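Reader: I am new to this structure and would like a close look at one part of it. Please take me through that part and what lies around it.

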Amino acid sequence: MQWSILYYGFLLFAAGLATHVILWRIRHPKRQIMTLFVLFFFVPMLFHVLFRIVGGLYGASGLLAKSIPPFAGGELPAAFILCYALSLTYIFTYPAAQAGCPTFVVLMLIKAAMPRGASKDEIYTYCREKGLFGLEVQDLVDEDLITEKNGQLAPTQKGKNLLGIFSFMRKVFGLPPGRG
Amino acid sequence: MNIVYKIIMLLALSQVFLVFAHVAVERIISKKKKGSSSMIRAMKCSLFGNIPVLLAALLLMAREGPGMGFSAVTLIYVFLVYNALAYSYCHVFNMGDTARRIRILHELDRAGGCLERDELDKRYGIRNMLDARLERLVSMRQITEHGGRFVISSSLLYRAGLIVLRWGFFLNYKGPLRRSLKDAGLL
């Protein structure tokens, strides 16, 4: 393996990340996680094709062509695997940045109250007064996980399937249902 | 087969082994140590997984012959990809326990598939949600309780949270949550 696998993998990931930042600063798409998966899958591929075309235009002695030497067997897929592994870590961290993970907010509130610390009631009152963490019902409706008719909430087939996957996983691990 | 393909195969297999090892650890230890954090166990399994994976990579390189020998790049590559995938696995596992959406779906299922919004709020309101988080943070040893007040005992998760919430701000998420945190000087 050559060092270029590492920096080309990071470069491909950076191309996806940069596109995501630019798009998100202009407008937030509706189905964000799906958009992120599509974006982080196709942008590195597009970037690679463009990189090769532009590198080819400047000839073999050009800076671009020199910086990424030709990959031996399996090395280009290896660079893409590194890029996709990094993309997955980002996509799984993203919801906490998007929705404001309650665990992090609780830590912020406790930190702000140091050295005395914060009581359960103080944390609860702050969240209640500021209107933080209401039920995510509308998000679930938007994502077609539940429906709301005449004030009654019910899971869709997609919601049932999602619950089925996680319930199965918890059973395999011998754990009770999650507490949310 | 080319060494690169062998390394890719090793990384794919490492995730399968991680899941099996984690299931075994969870089934044995969670029964003995009730109240301990399942998330911490998932993270420890992922971290310990580095040892066999890196040893297997070294073995593969050694078997390639003296010409191919030790390659620092290969080890760094294996380390990065394995840990990135293991981190994603931990997130999927964690979602089963902490995701509010899954809990809401579970409550609807428990109620026979239909609930009113108010009833759902009673079963899983802000208080339940915050209680679950405080308990988890205590079991993860990120906070401790002294006389009914919670204090920070490790700044690791707090710092990670600060970066993640600031990143959300950078991505133009400026809803009531971030506004109130910013106004309070927390962000």
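What covers the buried residues of H1(B)?

Author: A note before the answer: this is a predicted model. The cover includes helix H4 (75-99) of chain A. It also includes three helices of chain B: H2 (38-48), H3 (50-63) and H4 (72-98). Both chains therefore take part in the cover, with residues counted as in contact when their C-beta atoms lie within 7 Å.

Now the helix itself. H1 of chain B runs over residues 3-32. It has 30 residues, and at 1.5 Å a residue these should span 44 Å. The end C-alpha atoms are 42 Å apart, which agrees. The buried residues of H1(B) are B:Val4, B:Ile7, B:Leu11, B:Ser14, B:Leu18 and B:His22. Their numbering fits a general rule. An α-helix has 3.6 residues a turn, so residues three or four places apart point the same way.

Follow the cover into chain A. H4 of chain A is one of the elements that cover those buried residues. A:Tyr94 lies in this helix. Is A:Tyr94 buried, exposed or partly exposed? It has 19 C-beta neighbours inside 10 Å, so it counts as partly exposed; buried would take 20 or more. A:Tyr94 and A:Leu36 are 58 residues apart in sequence. In space, their C-alpha atoms are 9.3 Å apart.

Next, the contact between the chains. Chain A puts in 76 residues, and chain B puts in 76 residues. On the side of chain A that touches chain B, H4(A) gives the most, with 14 residues. By class, this side has 48 nonpolar, 18 polar and 10 charged residues.

Strands link the chains too. An open sheet of three strands has the order S1(A)-S3(B)-S2(B). Its pairing is antiparallel. The edge strands are S1 (118-119) of chain A and S2 (143-146) of chain B, each pairing on one side only. Two bridges join S1(A) to S3 (residues 149-152) of chain B. There, A:Ala118 stands opposite B:Phe150. Helix H5 (residues 102-112) of chain A lies across S1 of chain A together with S2 and S3 of chain B. H5(A) runs at about 95 degrees to S3(B).

Another strand pair crosses between the chains. Two bridges join S3(A) to S1 (residues 115-116) of chain B, and the two strands run antiparallel. Here A:Gln152 has B:Glu116 as its bridge partner.

A:Pro115 is found between H5 and S1 of chain A.

A:Asp144 lies in the loop between helix H7 (137-142) and strand S2 (146-149) of chain A. Its phi is near 60 degrees, a positive value in a residue other than glycine. A:Asp144 counts as exposed because it has 12 C-beta neighbours inside 10 Å.

B:Arg141 sits in the loop between helix H7 (126-139) and S2 of chain B. B:Arg141 has a positive phi of about 60 degrees, although it is not a glycine. With 13 C-beta neighbours inside 10 Å, B:Arg141 counts as partly exposed.

How values were computed:
Residues are numbered from 1 along each chain as its sequence is written. Chains are lettered from A and ligands numbered from 1 in the order in which they are written. This is a predicted model: local features need pLDDT of at least 70, side-chain atom pairs count only at pLDDT 80 or more; totals for chains, interfaces and linings use all residues. Two strands pair if DSSP finds at least two bridges between them. Helices (H or I, at least four residues) and strands (E, at least two) are DSSP runs, numbered from the N terminus. Two residues are in contact if their C-beta atoms, placed from the backbone, lie within 7 Å. Axes are lines fitted to C-alpha atoms, for helices over the stretch in contact, and angles run from 0 to 180 degrees between N-to-C directions. The expected span of a helix is 1.5 Å times one less than its number of residues. Ala, Val, Leu, Ile, Met, Phe, Trp, Tyr, Cys and Pro count as nonpolar, Asp, Glu, Lys and Arg as charged, and the others, Gly among them, as polar.
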